[in-house]
Amino acid sequence: MSGPVLVGVDGSTTSMAAVEAAAREADRMGVGLRLAYACGWPAARVAPGIAPWDPDGIRADGSAGPAHGGLTEAVRRARGVAPGVRVTRAVLMGEPATVLESESHRASLTVVGSRPPARSGSGRRRGSVAARLAVHGGSPVLMVRGRPDPDGPVLLACDDGHVGRRAAEFAFAEASARGTDVVVLNGFAARNGRTRGRSDDPLAALRKRYPDVTVHRPRVRGGTRRAVVEASTSARLVVIGTRRRGGWSAALPATVGRTALRRAGCPVAVIPDERGDR
């Protein structure tokens, strides 16, 4: 995809960490960076036909709203880690998860920070923004969480025993850019011999395309979910491949994906694949 890397901004520490990660991803992918600040409708009356703010978060009366400070700091952070990336910004009306879900359909990747699940009015916990985007969004999702090990590998896992092409490509590209290895954690495939040596194994072609990336396929004991969580404490990134069944809305991050989004000790990318990519 050629769309920008999309990142949600709210001025918090977690969102600024997401901005820096998103800027690095945009630089690696050779695309622009789009900063999205979500706001509810303003309480003050606004004249018909006049937007309550401009893309920089300046109110219609010329004063700087809270979005302006958050976006200004986000631009500074982004340019600090990727000065050559083109940055655009927008203040959009709506609940953050809804805004990002809509905007993600024009993005190559959507990046969010990690926050505890919110509580609904009934007291029940609602899922995280990352989990919602992994189910309903229009692009792969990267959630910035934990403390990545700067010397650790990129972990590649999946939910159904098959390593998807897009997830594998993402993992290899990340490992090559970061100068590290790929560790494939796939207990189902290891027990059944379903990917090693197969002519359609996506790793075979990627090994040739990325000769600088060393691949490790350790024996997984105790299940893939447990292995991913344990290995994530000394990894730079976890990449989870999920199956897309008839559209993004059906690309549920199943057991391994849900577990990684909730418990991983480092950032997690959820990469859905088409049926034909398996």
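Two exercises follow, each with a worked solution. This is a predicted model, where local features need pLDDT of at least 70, side-chain atom pairs count only at pLDDT 80 or more, and totals for chains, interfaces and linings use all residues. Residues are numbered from 1 along each chain as its sequence is written, and side-chain values use heavy atoms, with hydrogens and water left out.

**Exercise 1.** Work out how helix α5 and helix α7 pack, and which residues make the contact.

*Solution.* 
- Start with the helices: α5 covers residues 165-178 and α7 residues 202-209, with axes 10 Å apart and an angle of about 25°.
- Angles under 35 degrees count as roughly parallel, so α5 and α7 are roughly parallel to each other.
- Now list who touches whom (heavy atoms within 4.5 Å): α5 brings Arg165, Ala168, Glu169 and Phe172, while α7 brings Pro202, Leu203, Leu206, Arg207 and Arg209.
- Sort the residues of this contact and you get 5 nonpolar, no polar and 4 charged.

**Exercise 2.** Find which strands flank β5, and say whether its two faces are covered or open.

*Solution.* 
- Next, β10 (residues 268-273) runs antiparallel to β5, with 3 bridges. Val141 has Val270 as its bridge partner there.
- In a regular strand, side chains alternate between the two faces of the sheet.
- Check β5 (residues 141-144): Val141 and Met143 lie on one side, Leu142 and Val144 on the other, and all are buried (under 20% relative accessible area, 1.4 Å probe, protein chains only). Both faces are covered.

Key
Axes fitted to C-alpha atoms, helices over the stretch in contact; angles between N-to-C directions. Helix = DSSP H or I, 4+ residues; strand = E, 2+ residues; numbered from the N terminus. Parallel < 35°, antiparallel > 145°, perpendicular 65-115°, else oblique. Nonpolar A, V, L, I, M, F, W, Y, C, P; charged D, E, K, R; others polar. Buried < 20%, exposed > 50% of the residue type's maximum accessible area, 1.4 Å probe, protein only. Pairing = 2+ DSSP bridges.
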